[in-house]
Structures are given as structure tokens and as C-alpha cells.
Amino acid sequence: MLTTPNDVAFTQEEILRILKNFDPTKSPGEDGLSSDIILRSFKQFPKFFSRVYNRCLETGHFPKIWKRSTIIPIVKPG
């Protein structure tokens with residue numbers, strides 16, 4: 001288990017606030033889940049999501065897929 005002095009468990013309110021700030025018009029990640037789907041799922045199962053996120057914090061392990069993104073540059077003339 002990994003701990004640092006500033007490890008404070010995520011609250012359901014904190015997670016909800018963060019999920020509400022995600023842009024629902026952005027493309028989904030590799031898992032195919034849009035931020036809207038994740039937000040709706042969280043609202044149905046807040047305790048489950050909180051346990052998952054806090055377990056990641058406690059162990060210091062966040063899935064690699066959560067850390068990847070695809071950047072598509074849009075080249076403009078000039």
C-alpha cells in the first residue's frame with residue numbers, strides 16, 4: 001500500500017463535481033465510454049465508483065488505460 005501525507009479519500013461529492021465538469025461533447029476513450037455515460041453510471045452507483053477510485057488511491061495503482069489519450073493535431077494553413 002502506498003501512502004503519502006496528503007492522501008485524503010475522495011468523497012462522492014468531489015467525484016460528482018469532477019465528473020460534471022467533463023465535456024460531454026468530447027470523444028469517448030479507448031473503453032468507448034463517454035463522460036455522459038460515466039456520469040450517469042456514477043449517479044446510479046456512487047458507492048461503487050467511490051470505492052474503486054479510493055482503492056486506486058490507496059494502492060497507488062491507476063489503470064494504464066485511464067492515463068492514455070489520443071491527440072489528433074489539426075493543421076491550419078500558414
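**Exercise 1. Identify the residues of the largest nonpolar core and the elements that supply them.**

Solution. Start with the term: a nonpolar core is a set of buried Ala, Val, Leu, Ile, Met, Phe, Trp, Tyr and Cys residues joined through side-chain atoms within 4.5 Å. Buried means under 20% relative accessible area, exposed over 50%, and partly exposed in between, with a 1.4 Å probe and protein chains only. The largest such core has six residues, namely Ile15, Leu19, Leu39, Phe42, Phe49 and Tyr53. Next, assign them to elements: those giving two or more residues to this core are α1 (12-21), α2 (35-44) and α3 (46-59).

The structure is a predicted model, in which local features need pLDDT of at least 70 and side-chain atom pairs count only at pLDDT 80 or more, while totals for chains, interfaces and linings use all residues. Residues are numbered from 1 along each chain as its sequence is written, and side-chain values use heavy atoms, with hydrogens and water left out.

**Exercise 2. Describe the surroundings of Leu39, then those of Leu19 and Lys20.**

Solution. Leu39 lies in helix α2 and is buried, at a relative accessible area of 15%. Contact means heavy atoms within 4.5 Å. Apart from neighbours within four places in sequence, Leu39 is in contact with Leu16, Leu19 and Lys20. Turn to Leu19: with residues up to four places away not counted, Leu19 touches Ile38, Leu39 and Phe42. Lys20 belongs to helix α1 and is exposed, with a relative accessible area of 53%. Two C-alpha separations complete the step. Lys20 and Ser35 are 15 residues apart along the chain, and their C-alpha atoms are separated by 8.5 Å; for Leu39 and Ser50, eleven residues apart, the separation is 13 Å.

**Exercise 3. State whether Asn54 is buried or exposed, and list its contacts.**

Solution. Asn54 is located in helix α3. Its relative accessible area is 12%, so Asn54 is buried.

**Exercise 4. Work out the make-up of the chain and how spread out it is.**

Solution. Count the elements: the protein chain has three helices and zero strands. Helices (H or I, at least four residues) and strands (E, at least two) are DSSP runs numbered from the N terminus. In order from the N terminus, the elements run α-α-α. The radius of gyration is 15 Å, well over the 12 Å that the globule rule gives for 78 residues, so the chain is more spread out than a compact globule. This radius is taken over C-alpha atoms, and the rule is 2.2 Å times the number of residues to the power 0.38. Along the principal axes, the C-alpha atoms fill a box of roughly 50 × 30 × 20 Å. Finally, buried residues make up 15% of the 78 residues. Among contacts between residues at least 6 apart in sequence, 57% join residues at least 24 apart.
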